[in-house]
Amino acid sequence: MDLFESKISFIGAGNMATAIMSGLIKKGVPAANILASEPDSEKLNALHTTLGIQITTDNLLAAAEADVLILSVKPQILQKVCEPLSEILDSRACMTISIAAGIEMKSLENWLGSKQAIVRCMPNTPAQISEGASGLFANPQVTAAQRTLAESIFVAVGRAQWVTDETLMHAVTALSGSGPAYAFLMIASMAEAGVKQGLSEETAKALAAQTVLGAAKMVLESEFSPQKLKKNVMSPGGTTERAISILEGENTEGSLPELCDKAIAAATARSQELAGLLGN
Ligand SMILES: NC(=O)c1ccc[n+]([C@@H]2O[C@H](COP(=O)([O-])OP(=O)(O)OC[C@H]3O[C@@H](n4cnc5c(N)ncnc54)[C@H](OP(=O)(O)O)[C@@H]3O)[C@@H](O)[C@H]2O)c1
């Protein structure tokens, strides 16, 4: 099954679906192979004009046409959206991908039918600029070819990593789903500190953001660990060593690694709680 030949339908054409559709089209997927379904005709018409995709207000039609059906509505309405689809999906070899936060595989199988090939995906907002990080989990009905296809959809908007144990999707949610907010906070904090040292806001923000971007690229492209790369910047008695001794040092609130550990553990626990509230 080929990314460029598959019919890909989206149910829910909001922010995340638009980001994924744009990424696919930039990668060369024909817009004619993408169909979006949504109750809001104005939004659909705008997408048809800007992206050239097919549009419908009929979710059943979107499912009937699809090789891949991407469920991109809010988690709270997913059950209502899924249940009418099960009959159509039963009659087709279609893979369904849910990007709804916190909705577990057992709920999706209850609503769509237990024989369905289903992938859960947790993308993040940098997908909007094709720099997303997505975690993926497949049920056993997903074939090897379908896994490759699912992965290629999310690689079109960044990087994708599979997890083999569904419970790890909570950790993915806490790390990369919520993670852009941690990075934004780090950039804002670095920039504000730079302003206190006399830089203009514009200069401080540009330097902070480019520094985080460059460091992230080095981690992804280098053979060295982030810890080793950090050490490479630190010369004994230098400026970086002085700053890192404060970020890693004991203070009343804890060091940066301890704070990250606590924050990501708290977000993982919250994801587990929310899944309990949303599923059935
Ligand atoms: N944004 C993120 O950072 C992020 C990250 C990871 C996962 N997700 C997941 O992605 C999903 C979508 O999030 P989003 O931020 O893209 O939300 P969104 O912008 O609100 O998009 C949801 C879309 O679904 C439409 N919709 C509502 N009822 C529908 C129905 N019955 N049938 C078809 N479409 C319907 C909505 O239309 P109306 O506006 O007209 O109601 C809206 O356009 C969520 O499940 C979320 O958990 C989002």
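This is a predicted model: local features need pLDDT of at least 70, side-chain atom pairs count only at pLDDT 80 or more; totals for chains, interfaces and linings use all residues.
Colleague: What makes α1 largely enclosed by the rest of the structure?

Modeller: A residue is buried once 20 or more other C-beta atoms lie within 10 Å of its own. In α1, 9 of the 12 residues are buried, so the helix counts as largely enclosed. They are M16, A17, T18, A19, I20, M21, S22, G23 and L24.

Colleague: And what covers those buried residues of α1?

Modeller: The cover includes strands β1 (8–11), β2 (34–37) and β4 (68–71), along with helices α2 (41–51) and α7 (144–155).

Colleague: Which residues have the most contacts inside the largest nonpolar core?

Modeller: I20, A36, V68, I70 and V119, in a core of 57 residues. Helix α1, residues 15–26, gives the most to this core, with 6 residues.

Colleague: Leaving out residues up to four places away in sequence, what does I20 touch?

Modeller: I70, A127, I153 and V157. Contact here takes C-beta atoms within 7 Å.

Colleague: Why is strand β6 called largely enclosed?

Modeller: Because 6 of the 6 residues of β6, which runs over 117–122, are buried.

Colleague: How do you know that both faces of β6 are covered?

Modeller: Look at each side in turn. A117, V119 and C121 are buried on one, and I118, R120 and M122 are buried on the other.

Colleague: What makes β5 and β6 a pair?

Modeller: At least two bridges are needed, and β5 (residues 95–98) and β6 have 4, in the parallel sense. Within that pairing, V119 of β6 is the bridge partner of I97. V119 is also among the residues with the most contacts inside the largest nonpolar core.

Colleague: Zooming out, which domains does the assignment give?

Modeller: Domain 1 covers 8–165 and domain 2 covers 179–276. Their centres, taken over C-alpha atoms, are 33 Å apart.

Colleague: How many residues are in contact between domain 1 and domain 2?

Modeller: 5 residues of domain 1 are in contact with 5 residues of domain 2. The domain 1 side of that contact holds 1 nonpolar, 3 polar and 1 charged residue.

Methods
Residues are numbered from 1 along each chain as its sequence is written. Domain bounds come from an automatic or database domain assignment. Two residues are in contact if their C-beta atoms, placed from the backbone, lie within 7 Å. Ala, Val, Leu, Ile, Met, Phe, Trp, Tyr, Cys and Pro count as nonpolar, Asp, Glu, Lys and Arg as charged, and the others, Gly among them, as polar. A nonpolar core is a set of buried Ala, Val, Leu, Ile, Met, Phe, Trp, Tyr and Cys residues joined through C-beta atoms within 7 Å. Helices (H or I, at least four residues) and strands (E, at least two) are DSSP runs, numbered from the N terminus.
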